[in-house]
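Have a look at the structure first.

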Amino acid sequence: MAEPDTSLNVKQAEAVAHDKGAALILAGAGSGKTRVITSRAVRLISAGVAPWAIFCVTFTNKAAGEMKSRIASMLGIDTEGLWISTFHSACLRILREEYKNAGYSSMPVIFDATDQKSLVRSIVKNMGRTDAELPARKIISYISRYKNDMKGPDDLLEDAKNPQAREIAEAFRRYQEELYRNNGVDFDDLLAVIAKLFQARPDVLAGYRERFHYIMVDEFQDTNAVQYLLVKLLAGKEGNLFVVGDDDQSIYRWRGAKVGNILGFEKDFPNCLVIKLEENYRSTGNILKAAGEVVSEVAGRKEKTLWTRQPPGEAVAVVTAENETAEADFIVREIVRNVDAGKLPYRDFAVFYRTNAQSRVIEECLTRRNLPYRIYGGLKFYSRKEIKDAMAWFRLAINEHDEVSFLRAVSSPPRGIGSISLSKLKSLAVSKEISILRACAEAENAVTRSSERRLMEFYEIITDIRKRMETESAADIIKFTLERSGMIAWLLEKKTSQDIARVENLEELTSAPHKNEKLTAFLERTTLQSEGDDVEESSDQVSLMTLHVSKGLEFPVVFITGMEEGLFPHFNSMESFESLDEERRLCYVGMTRAMRKLYLTRAHNRLIFGQRRYNEPSPFLEAIPEDISERKFYGKRVLAAKRTAPGGAGIAAKKTVGKNGYSVGRKVLHEIFGQGIIRKCEGSGDNMKLTVHFRHAGHKKLLSRYVKLS
């Protein structure tokens, strides 16, 4: 039997001691939530509870493995019988036992992502549509969203507002029929099938309720509708459900996570025990205070205040750089300064950004200084598929005999040119001893009429790029190619979050060439950089990652970049209160990854899609108290602007646009329209025109002199 853990603080010990009934453990960032779950499991088993009577679910195999490992080391037992796993693994285990009760004659085959995509593409083809007209990725996104809400094709058809949505509903219906015909389930089915089984067969559900006496959920704020339904069904009337999470760290709404699950838990379980874990073991006092102020403006959040026994520590650095290059240069110089002084190794530094596209400038600056780095949870900029696709166009324009680039470019975006036509084109090129590109212009009678027309269009675009190379810069040619090829338009049509991110990366590519740099020079420079990226790999590297990827990690020094309106918060989030609140929570997550030092950086102006833009500071910076922050300026021009600004704080400190402090992203209250978010400010003073999106009244244009907004 394990000895009681005397190192737990008072609130942790109270949570671990909880026995029967529902409990909501609000575990702030760095407050030891995993320790609470594992310690409670150890206490229960030590008290005589059978290990298999504990049903514990989390969101990653890594987290589940760590929990098992801790329990094994604390109790000295074999953890094979423990039901500690992800939701999907647990449901797969149940399905193996109950597939006949779920309506399958034998254990279903699991369709992975590749199988799923292949099946959907086959269905789209049978419907007489191409992937460009009805993208498989978009269909899969809809299928997943509806399954996670326990809905099916009929629900999607009922919700459909346009012809394409109705076609997606039809594809969904055929997809489900094919899955059943093939005795298969996809990953989302693993959850939905078990939830439906429990609802349809009370006797089966009763058996699992009898088996699982203690149900625990980690990262509860990330649960979706079907996951919450599953654990509620298992908890039954006794409600013996122990959930641990933090609504302030709910950042996966786009994946289907519902923050309402944790916010409404006390309504679903009125007599539940609520314990707040507010002592933080990770960050200094100043970092926690700054993060707390940022997240405090989120509507309807569970009130909690993180504190620490550590000293206040260094002030939070709020840095305004002249532009994106200066921002990257400041970050790299700070890293070098600390490493050279022997204070910290490279692995202690992390750079976060809101979108993948922002990494490009930082990567180039690190490469120039020959500093080791890794992209955590993603690919390096020039290794991303969409960037490689675009670069294939330019390589082909320079070298028409580059067959690899030809095959990549001609299908990016898809042009409806099949493998048979391409094979005939290659044979034509060989017989005439010409390049495969040149064969596009001589393909008459060699391929179908439609393929001939599309190949000729492709040939004309490449020819136009080659002509432009003589007089135009690389940046201008990249813009022309992205537009003329249809690459961006094709991705925008698909409208998935992943494709929007790819568009942002392609837009960032237009900002990658140096001023007046020619296309050939640009390709040579980036090829050398991308090939040299993987020469040295070591564990002592600077970590680069998006803010979403940073969740669950910690670093002594953290830089959060791009703290500008439209970038962070992202412009897509300005459409609703829920989206803007999630951006605030995302900022809080990023800030609380820092242990000793936190930098919040922004560019006074930034090159976006080849255009120089002057963005306002992020509204999140307004929340950082002056007494715990240190305002810095980096770059000659921005220093000059600082000297001429009243008090020197007009650029990086609090933002006040107009006499009433109206600014984009600010939440306001109108006496008639109610709550709203300012989307646009035009003009100044009494003549300022405001565009406000109200929660219930929609968009309204108002003149500041005639309106009262609090």
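Q: What makes β18 and strand β19 (residues 674-682) a pair?

A: In this predicted model, β18 and β19 are joined by four bridges in the antiparallel sense. Two strands count as paired from at least two bridges, so β18 and β19 qualify. One place to look is valine 668, which stands opposite glycine 676 in β19.

Q: Which face of strand β18 (residues 667-670) is covered, and which is uncovered?

A: Val668 and His670 make up the covered face of β18, while Lys667 and Leu669 sit on the uncovered one.

Q: What makes strand β12 (residues 542-546) mostly covered?

A: Count the buried residues: five of its five. Val542, Leu544 and Thr546 are buried on one side of β12, and Ser543 and Met545 are buried on the other, leaving both faces covered.

Q: How do you know that β12 pairs with strand β10 (residues 349-353)?

A: There are four bridges between β10 and β12, running parallel. The cut-off is at least two, so this is a pair. Tyrosine 353 has threonine 546 of β12 as its bridge partner.

Q: And what about strand β11 (residues 373-375) and β12: how many bridges join them?

A: Three, again with a parallel run. With at least two needed, β11 and β12 therefore count as paired too. Here arginine 374 stands opposite serine 543 in β12.

Q: Why is aspartate 348 called buried?

A: Its relative accessible area is 16%.

Q: What is aspartate 348 in contact with, once its neighbours within four places in sequence are left aside?

A: Phe555, Pro556 and Val557. Contact here asks for heavy atoms within 4.5 Å. Methionine 595 is 247 residues from aspartate 348 in sequence, yet C-alpha to C-alpha the two are 9.8 Å apart in space.

Q: Why does threonine 355 count as buried?

A: Threonine 355 has 7% relative accessibility, and the limit is under 20%, so buried it is. Neighbours within four places in sequence aside, threonine 355 is in contact with Glu504, Leu567 and His570.

Q: Is isoleucine 168 buried or exposed, and why?

A: Buried, because its relative accessible area is 2% and the label applies under 20%. Isoleucine 168 belongs to helix α8 (residues 163-181). Apart from neighbours within four places in sequence, its contacts are Leu134, Lys138, Ile139, Tyr142 and Leu156. Isoleucine 140 is 28 residues away in sequence, with 9.2 Å between the two C-alpha atoms.

Q: Why does the radius of gyration of the protein agree with a compact globule?

A: For 710 residues, a compact globule would come out near 27 Å. The protein has 28 Å, so the value agrees. The C-alpha atoms fill a box of roughly 80 × 75 × 60 Å along the principal axes, and 55% of the residues are buried.

Q: How many helices and strands are in the secondary structure of the protein?

A: 28 helices and 21 strands. Of the contacts between residues at least 6 apart in sequence, 73% join residues at least 24 apart.

Definitions and conventions. Residues numbered from 1 in each chain as written. Predicted model: local features only at pLDDT ≥ 70, side-chain atom pairs only at ≥ 80, totals over all residues. Heavy atoms only, no water. Helix = DSSP H or I, 4+ residues; strand = E, 2+ residues; numbered from the N terminus. Rg over C-alpha atoms; globule rule 2.2 N^0.38 Å. Buried < 20%, exposed > 50% of the residue type's maximum accessible area, 1.4 Å probe, protein only.
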